[in-house]
Amino acid sequence: MNISGILVVVPPARIEDATRELNALPGVEVHHTEPSTGRIVVVQEAETVEQEIAALSRIKALSGVMLAEMVYHVFDETPPEWDAIPAEMAAS
Amino acid sequence: MELSRRNFLKSGVAAATAMAVGIPVSRIASAAAAETEQDWRWDKGVCRFCGVGCGIMIATQDGKIVATKGDPDAPVNRGLNCVKGYFNSKILYGKDRLTQPLMRMTDGRFDKQGKFTPVTWDQAFDEMAIQFKKAYEEKGPTGIGVIGSGQWLIQEGYAMTKLMKAGFRSNNIDPNARNCMASAVAAFMQVFGIDEPPGNYDDIEYTDTVVAWGANMAEAHPVLWQRVIDRRLGHSDMKIVNITTLRNMTSEGSDLEIIIKPNTDMALLNYLAREIIQRDAVNQAFVDAHCVFCAGPTDIGYGMRATDKFAFAAEKDIQAREVEVTLTRDEAIGLGLDPEQVHTIKQANAATADRHWLVGFEDFKAGVAPYTLDFVAELAKGDAEESLDAFKAKLVRLADLYADPKRKLVSFWTMGFNQHVRGTWVNEQIYSVHLLLGKIAEPGNSPFSLTGQPSACGTAREVGTFSHRLPADMVVNIAKHRDITEQTWKLPPKTLNPKVGSHITKIMRDLEDGSISWVWVQVNNPFQHVANANHWLKAARENDNFIVVSDAYPSISAKVADLILPVAMIFEKWGGYGNAERRTQLWREQVPPPGEARSDLWQILEFSKRITLAEVWKEQAIPGLKDEGFEEGKLPDVMAAAQEMGYTPQMTLYEALFETPQNKAFAWPDPVAKGHDNHTVKQLGVDWFVEKALFEEYAGFGRGHHHDLAPFDVYYQDDVRGLRWPVVDGKETPWRFNAKYDPYVKNGEIEFYGGAMKELVTGNLNGPTTEEKTKFPGKAKIFFRPYAAPVESPDGNYDLWLCTGRLLEHWHTGTMTRRVPELHRAMPSAVLDMNEKDAEERGLKRQDAVWIESRRGKIKAVIETTGRNRPPRGYSFMAFFDESVFVNKLCIDATCPISKEEDFKKTAIKIYKV
Ligand code: SF4
């Protein structure tokens, strides 16, 4: 499980609509807003990196979004898998 | 993770995010953030994924990275990161991470045709030394080579440079940065006499205009691009221009998009220079006080071999252009020649391409005179579907922006200019435009060369890991520079080799023709990223040679190697990078490397223990060496002089070069570590602080010589987020050459004090007319450079342009970013972006699998006509991240003849259905 904190910026006039639209996205929660500057902090939860990046693209695609970038990541507990020699190396 | 714990974690992440970007939060929220993070150890680091150099904060727990965040205190990115920043920790934990040395063996012995087999470090170094000595005894210092990187840590690049140049007496060391910004370097040296930009990223917040020249900043430098977009939000007068060969993400945020044909950037810049003169917009006082005018030869070839002995049959027609060229009509006009006549020109200055001489303003003016709006618009218009009038209006608008004396302006560029058969010229031309206007070296007015790699500046350039360089902008072929270096390194006189070594493409060519037979590759994937790869893959596998690759993952280069050495990555070691704005940033080791992986620095030092002075400091044959004070073709035996200095023949290079009394004075452990480990020191089994000692030794070269770095410990202070050199009396230098900000300016308000090439003969556009040299200290050069056509252009057979570049999700050859499997799936295989109508014309459509063929090879790919890159008719684009779609098999290995940087942007191809 990956959890990331994302900064989203929209025109101040759109902040309420944007908050609603963001909350409607799967795995996305709006936690803080700053109406005077149009800045919104969302937290996104996703199973995989791929889902996380796809979700970021969805945020960027919302109308009026001027910026959406990841600021904070917390990583899942996947154990390191570095012990084996990769098959492709052994075979070459 | 149970639900309540997860919800709590999320509130903590939200609060920490808000705090990182300066949004006020409640006391309860900030307490949640603090509690989430309470068990983690935080420390500062630098993103390793591009030359922007964003600060990140890294949290570790039990020897693993558990979280990262954009560093709110980092002036570069102010808490933001782009999506690549996310991989700084992920990249350490890929499934196929290499963790032990692997050698090709059969029946327990090294065999070039054998299978990769795990070996111990001792076995690995022993074989490496046997093979080294074989090549070195037979061929001398020119028979070996090292291919390094702009991702080398400062200390790694420095140690390898010292080992190669002082130890092995070989200049055959070159970084992949050669193919990233060598053209920028050559132009900096020729124009200013010193490397790296006058300005810095803060120019963005002071400017009214940003012009991106062939730089898709929105994808390649996203955090910087964000600063550009932010500036526009807060500054109504701000204008953004994207000059490009295809529509891309950067176009989205731009006010003006100008689509041009390949290489016509040169014509466009001459049009701007001409307009500035015509409109009387030259800043005369600035030019008179601070500039001279220059020209150089135009018959300089394309950096290819002068022989077609090794060329594939299909390559020979283009190869022949290295010797003789018939000018195109546009080239003739641009040179002021009669376009109705045929001009066939021998490329007589191929080996002396960097010669140049002083000319007068009137010569310059005559040079740019042919570049009228009509001529340039017709030549440069890149989108067949745009009307000529509309295109002309855009060029006029561009000239308006540049010429407006009240408007501040930043020009940004990267690979579009640098990877160019006239890369040095086009870099020089943009300086010419800024210098004519006096828009340079002050906040908001800045010609700014961006870099792709995290330490292209800090290591490749500043340390000088190129085949011609020594630290602090010095070069091997100037006696005074060798003297200084020999004294600093405590070497006997004439240890250093005065003959410039092989650049990266030449190392590959040397492998092919057998003049090099031992190569060590570090932090780099050259068998994938050097153009015309089919030649080099074959040379590596089929010739009698030994190739060592230090890598973290099984890259293509690792796979063609004979010996693979597993490396520690970024935060598994102590190190430092320097970004594109001269900002040096250092970090601590955060987590231990996996298995037996060890730092590149440890590998360099361990290997140096296996070679003695007697083996290298004896007389050496250097074919072609001709230099004052040297016997032709020879480096002298310096062992006798060395013995007088206290060295012995049996001493190892480790003892002579690295474990010196000065270096041993830096003790480990050191309080600056604050409890962090150092596996390099531990594995060496020493009690001196290797990274600190080497940093300080290296910094000695630049202090007092325009390149001052702060003391090692200063970079580790909690309140420091990197410092922009020169750091003088504890203060960094935001803008160079300007007395207000730069303590090195001694005369007047502006002084271009760089010392290289500041004495020249005088002539006109055709050549020198005097032999007497004139000195012009403190001045910068305004070059006239004519338009030159690409070395190969589409014809009836290869009928489409191919340009290569990178995408946001992937980085360079993708050895690292591709390791994150989910990310790879997001961009499943390399696609060829092309225009829908071009596809239709060939009976193809979106998603069709096609063969792409050039004179040098063919590969399969899938075509895309609706992607985020939208090429105009006749043009196509492909990213070079994918190992399975090997685009560099197609690309030509022509280079800028001055910088030796390859042109990955212009290959003629044809495509047909699989
Ligand atoms: S812009 Fe460059 S340095 Fe910054 S986070 Fe992205 S890849 Fe890293």
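User: Which strand does β10 (residues 239-244) of chain B pair with, and in which sense?

Analyst: In this predicted model, strand β10 (residues 239-244) of chain B pairs with β11(B) in the parallel sense, over 4 bridges. One of the residues involved is B:V241, whose bridge partner in β11(B) is B:L256.

User: Are the faces of strand β11 of chain B covered or open?

Analyst: Both faces of strand β11 (residues 256-259) of chain B are covered. B:L256 and B:I258 are buried on one side, and B:E257 and B:I259 are buried on the other. In general, side chains in a regular strand alternate between the two faces of the sheet.

User: On to the ligand. Which residues are around it?

Analyst: The residues around the ligand belong to chain B: B:C47, B:F49, B:C50, B:V52, B:G53, B:C54, B:N81, B:C82, B:K84, B:G85, B:P222 and B:V223.

User: And how does that shell divide into nonpolar, polar and charged?

Analyst: The shell around the ligand consists of 8 nonpolar, 3 polar and 1 charged residues.

User: Now electrostatics. How many salt bridges are there over all chains?

Analyst: A search of the whole structure gives 69 salt bridges over all chains. One of them joins B:R482 and B:D627, with the closest N and O atoms 3.7 Å apart.

User: What is the N to O distance between B:E841 and B:R873?

Analyst: The side chains of B:E841 and B:R873 meet in a salt bridge at 2.7 Å, N to O. This pair also links distant parts of the chain: B:E841 belongs to helix α34 (residues 836-841) of chain B, and B:R873 to the loop between β36 (857-864) and β37 (875-879) of chain B, 32 residues apart. B:E841 is exposed at 58% relative accessibility, and B:R873 is partly exposed at 26%.

User: What about B:D848 and B:K845, buried or exposed?

Analyst: B:D848 is buried, with a relative accessible area of 9%, whereas B:K845 is exposed at 52% relative accessibility. Their side chains form a salt bridge at 3.4 Å, N to O.

User: Which residues are linked in a network of salt bridges?

Analyst: A network of salt bridges links B:R78, B:D202, B:E205, B:R227, B:E581, B:R583, B:R724 and B:E732.

User: Switching to rings: how many aromatic pairs does the structure hold?

Analyst: There are 49 aromatic pairs over all chains. For A:Y72 and B:W42, the ring centres are 6.0 Å apart and the planes stand at 70°, so this pair is edge-to-face. A:Y72 lies in strand β4 (residues 67-74) of chain A and B:W42 in strand β1 (residues 41-46) of chain B, so the pair joins two chains.

User: How accessible are A:Y72 and B:W42?

Analyst: A:Y72 is buried, at 0% relative accessibility, and B:W42 is partly exposed, with a relative accessible area of 22%. Another edge-to-face pair is B:W489 with B:F701: the ring centres are 5.7 Å apart and the planes are at 80°. B:W489 is in the loop between α21 and α22 (504-513) of chain B and B:F701 in helix α32 (residues 690-702) of chain B, so that pair ties together parts 212 residues apart in sequence. Both B:W489 and B:F701 are buried.

User: Which residues form one aromatic cluster?

Analyst: One aromatic cluster is made up of B:F188, B:F192, B:W213, B:F286, B:W413, B:F417, B:Y431, B:F737, B:Y744, B:F752 and B:Y753.

User: Which residue lies over the face of B:W42?

Analyst: B:K69 lies over the face of B:W42, at 4.5 Å from the ring centre. Likewise, B:R598 lies over the face of B:W602, at 4.9 Å from the ring centre.

User: Lastly, how many residues of α22(B) are buried?

Analyst: α22(B) is mostly covered, with 8 of its 10 residues buried. Among them are the charged residues B:R509, B:D510 and B:E512. B:G514 follows α22(B) and has a positive phi, near 85°.

Terms used: Residues numbered from 1 in each chain as written. Chains lettered and ligands numbered in written order. Heavy atoms only, no water. Near = heavy atom within 4 Å. Salt bridge = Lys/Arg side-chain N within 4 Å of Asp/Glu carboxyl O. Buried < 20%, exposed > 50% of the residue type's maximum accessible area, 1.4 Å probe, protein only. Phe/Tyr/Trp six-rings, centres within 6.5 Å; stacked < 30°, edge-to-face > 60°. Lys NZ or Arg CZ within 6 Å of the ring centre and 35° of its normal. Pairing = 2+ DSSP bridges.
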